[in-house]
Amino acid sequence: MFQERPGDGAGEASGDDSGAASAGRAGRPPVLLLHGFNDNRSVFVLLRRALGADGLRRVEAYNYSPFTRDLRDTARLLAARVEELCARTGHERIDIVGHSLGGLTARYYVQRLGGDARVRTLVTLGTPHGGTRVAPFMDAHPLVRQMRPDSDVMAELRAPAPGCRTRCVAFWSEFDAIMVPTGTARIEHPDLTAVNVQVTGIGHLALPAHPTVIAAVRRALDGPVPVVVDKASGVPSVA
């Protein structure tokens, strides 16, 4: 089940045969998939296939270096990658789907590096938008420290972002053990146009591969997330 509420507020790429050159200048905006910490583009095999199935969009996955030590450096590399993708496909704007740290990197690009001029929709899956306190023993890694609630990166993302043009959709789950607390995967920023979608019964690693999430991500990229109101609870949910 999904529940939705508005928010308060160096690499290697791989194309998808389903979204080949025929989906270049025509069709929907290209989609760039960005994986999480200590992961790679293989996590998106099913999502990439589903998003490119109709042949109307080009779908690519971006591998950033596992030796990255600063999220901001990765965001700058992402900016260059987006410019290259736009030039190659002829599209002025693209969509990004980021899992975990990938979503945070994409949000930094959108919010702090002017990426809102290029990114139409940003979808995040289990991303620590408010920082996570999980696994304190991993603080030796600089990327983990940047994902803490009191980090400089989090302070930058809390700063005002007036006029941000990117539409954000954040999927979060109460079963996500990497998000501590779980609600930290919601986007709560007064200047961002954001929808927070609750996913029930799906863990952190399963978010990019679960068929229900994949279907919802595709609908989010195709247009506004469809909403119905549960008559028993009165809570908005994704159809």
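**Helix H3**

Start with residues 101-112, helix H3. Eleven of its twelve residues are buried, so the rest of the structure largely encloses H3. Keep in mind throughout that this is a predicted model.

Colour the buried positions. They are Leu-101, Gly-102, Gly-103, Leu-104, Thr-105, Ala-106, Arg-107, Tyr-108, Tyr-109, Val-110 and Gln-111. Charged Arg-107 is among these buried residues.

Now put a distance between the end C-alpha atoms of H3. The helix reaches 16 Å from its first C-alpha to its last. That is close to the 16 Å expected at 1.5 Å a residue.

Step past the end of H3 to Gly-114. This glycine follows the helix and has a positive phi, near 80°.

Go back to Ser-100. It lies in the loop between strand S5 (94-99) and H3. Most residues other than glycine have a negative phi.

Is Ser-100 buried or exposed? Its relative accessibility is 7%, so Ser-100 counts as buried; the cut-off for buried is under 20%.

**The largest pocket**

Stay on Ser-100 and bring up the pocket beside it. Ser-100 is one of the residues nearest the centre of the largest pocket. Select Phe-37, Met-147, Ile-178 and His-204 as well, which are also listed as nearest the centre.

How many residues line the largest pocket? The lining has 16 residues. Nine are nonpolar, five polar and two charged. The pocket holds about 320 Å³ of space.

**Asn-38**

Asn-38 sits in the loop between strand S3 (31-34) and helix H1 (45-51). It is not a glycine, yet its phi is positive, about 60°.

Asn-38 has 73% relative accessibility, so it counts as exposed. Ser-100, at 7%, counts as buried.

**Arg-28 and Pro-29**

Select Arg-28 and Pro-29 together. Arg-28 is in the loop between strand S2 (11-15) and S3. Pro-29 has its place in the loop between S2 and S3 too.

Compare their accessibility. Arg-28 is partly exposed, at 26%. Pro-29 is buried, with a relative accessible area of 15%.

Then draw two C-alpha distances.

Next, go to Ser-173 in strand S7. Its relative accessibility is 1%, so Ser-173 counts as buried.

Draw a C-alpha distance from Ser-173 to Gly-183. The two are ten residues apart in sequence and 8.0 Å apart in space.

Draw another from Ser-173 to Ile-202. Here the separation is 29 residues in sequence and 6.4 Å in space. Where is Ile-202? Ile-202 lies in the loop between S8 and helix H6 (211-222). At 6% relative accessibility, Ile-202 also counts as buried.

**The cis bond**

Now follow the chain between S7 and S8. Pro-181 lies in the loop between strand S7 (167-173) and strand S8 (193-199). Select Val-180 with Pro-181 and check omega. The peptide bond joining Val-180 and Pro-181 is cis, with omega about 0°. Most peptide bonds are trans.

**Rings**

Finish with the aromatic side chains. How many aromatic pairs does a search of the whole structure find? The search finds zero.

A charge over a ring is present, though. Select Arg-186 and Trp-172. The charged end of Arg-186 sits over the ring of Trp-172, 4.9 Å from the ring centre.

Methods:
Residues are numbered from 1 along each chain as its sequence is written. This is a predicted model: local features need pLDDT of at least 70, side-chain atom pairs count only at pLDDT 80 or more; totals for chains, interfaces and linings use all residues. Side-chain values use heavy atoms; hydrogens and water are left out. On a 1 Å grid over the protein atoms alone, a cavity is a set of points where a 1.4 Å probe fits but cannot get out, and a pocket is an open set with protein on both sides within 12 Å along at least five of seven lines; lining residues have an atom within 4 Å of a point. Grid points are joined across faces, edges and corners, and a volume is the space filled by probe spheres set on the points. Rings of Phe, Tyr and Trp (its six-membered ring) pair if their centres lie within 6.5 Å; planes under 30 degrees apart count as stacked, over 60 as edge-to-face and the rest as tilted. A charge sits over a ring if NZ of Lys or CZ of Arg is within 6 Å of the ring centre and within 35 degrees of the ring normal. Helices (H or I, at least four residues) and strands (E, at least two) are DSSP runs, numbered from the N terminus. The expected span of a helix is 1.5 Å times one less than its number of residues. Buried means under 20% relative accessible area, exposed over 50%, partly exposed in between (1.4 Å probe, protein chains only).
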